[in-house]
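Dear colleague,

I am passing on the structure below, and my notes on what was found in it follow directly after. Please read them with the coordinates open beside you.

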Amino acid sequence: MAIPRKKFVAGNFKMNTTSSEVAPYLESFRLETEKINEVDIVLIPPFTSLSKVSEILGGAQKIRLGAQNMSSEAKGAYTGEISAAMLRDLFVRYVLVGHSERRRLFGETDETVRRKLVTALNSELRPILCIGETLEERQAGQEKNILESQLRAALEGLSAEEISEVVIAYEPVWAIGTGLTATPEQAQEAHSFIRDHLGKLAGTSVANKARILYGGSVTPSNARELMSQEDIDGALVGGASLDPRGFAEIVAAAVPAK
Ligand code: PGA
């Protein structure tokens, strides 16, 4: 019997929104999502807004906070970096690790990604590990090899318990910010492959419970169909999360049909 997994929708603001813009955003977004309890919601604003968002949301929020990046080092002479402890201090629960923009534009390697992931786990932050193939890799029929090698590089050797803390986001690089979305069938195929591979790394019980999100040009109009696929447990939304109403529609699309 399939195990029901609570849907998970995260909004990655990227380098958008100032700290003074988040209050009106939250007012509108909270109103629109007030009645939704069936979905885990995570907001991932820039570092400079984390404190404000945390303050507005207060203690026992149903909307959780995530960070877009983090240092793999605990503290010290690393000018410009932000540590896990600094994030924890602001009640941040999740951190994106290995986003393709970090890999592509900021030179993060599989090794960097793994170090950040381990630091996050050791600091009680839950990593959202982003993986996905480029267009050339898909055209060459290499997408599964890429997913497998990224998963292995990040997770191999970790305990099943540690892996159970990780949320995976499948984000085909060619679909990010391009308006091109993977078809529900393409995404489902990749998600099912990822779940099988998690099973090999951590056992089927962990794999069956793992949340695997789809990311790449998710919008209010394609969200429901994507998230109704068996192995798609939610979405990591970039551009479309900047509009509080539109993002609330995506969250609503994650609510299971009665
Ligand atoms: P997008 O970004 O929704 O703007 O395509 C997704 C992401 O990068 O997480």
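Helices (H or I, at least four residues) and strands (E, at least two) are DSSP runs, numbered from the N terminus. The model is a predicted one, in which local features need pLDDT of at least 70 and side-chain atom pairs count only at pLDDT 80 or more, while totals for chains, interfaces and linings use all residues. Residues are numbered from 1 along each chain as its sequence is written, and side-chain values use heavy atoms, with hydrogens and water left out.

In those terms, Gln68 sits in the loop between E3 and helix H3 (84-89). Leaving aside residues up to four places away in sequence, Gln68 touches Asn12, Phe13, Lys14, Met15, Ile44, Pro45, Pro46 and Leu96, where contact means heavy atoms within 4.5 Å. The Gln68 side chain also reaches the backbone oxygen of Ile44 at 3.2 Å, and a polar atom of that side chain lies 3.4 Å from the backbone oxygen of Pro45. Between Gln68 and Gly80, 12 residues apart in sequence, the C-alpha to C-alpha distance is 14 Å.

As for the fold, a closed barrel of 8 strands runs E1-E2-E3-E4-E5-E6-E7-E8 with parallel pairing, two strands being paired if DSSP finds at least two bridges between them. Ignoring direction, neighbouring strands of this sheet are turned by 25° against each other on average. Helix H1 (residues 22-33) packs on the sheet, where H1 touches strand E2 (39-44) and strand E3 (63-67), and the direction of H1 makes about 170° with that of E2; axes here are lines fitted to C-alpha atoms, for helices over the stretch in contact, and angles run from 0 to 180 degrees between N-to-C directions. Helix H5 (residues 110-122) lies across strand E4 (94-97) and strand E5 (126-131), running at about 160° to E5.

Turning to the ligand, 13 residues surround it, the closest being Lys14, His99, Glu171, Gly177 and Ser217, with a residue counted as near if one of its heavy atoms lies within 4 Å. An oxygen atom of the ligand is 2.7 Å from an N or O atom in the side chain of His99, an oxygen atom of the ligand is 2.7 Å from a polar backbone atom of Gly177, and a backbone N or O atom of Gly239 lies 2.8 Å from a ligand oxygen. Taken alone, the ligand exposes 280 Å², of which the protein buries 95%, the areas coming from the Shrake-Rupley method with a 1.4 Å probe.

Best regards

Conventions
A polar contact is a pair of N or O atoms within 3.5 Å; within protein, one must be able to donate a hydrogen and the other to accept it, and residues adjacent in sequence count only if both atoms are side-chain atoms.
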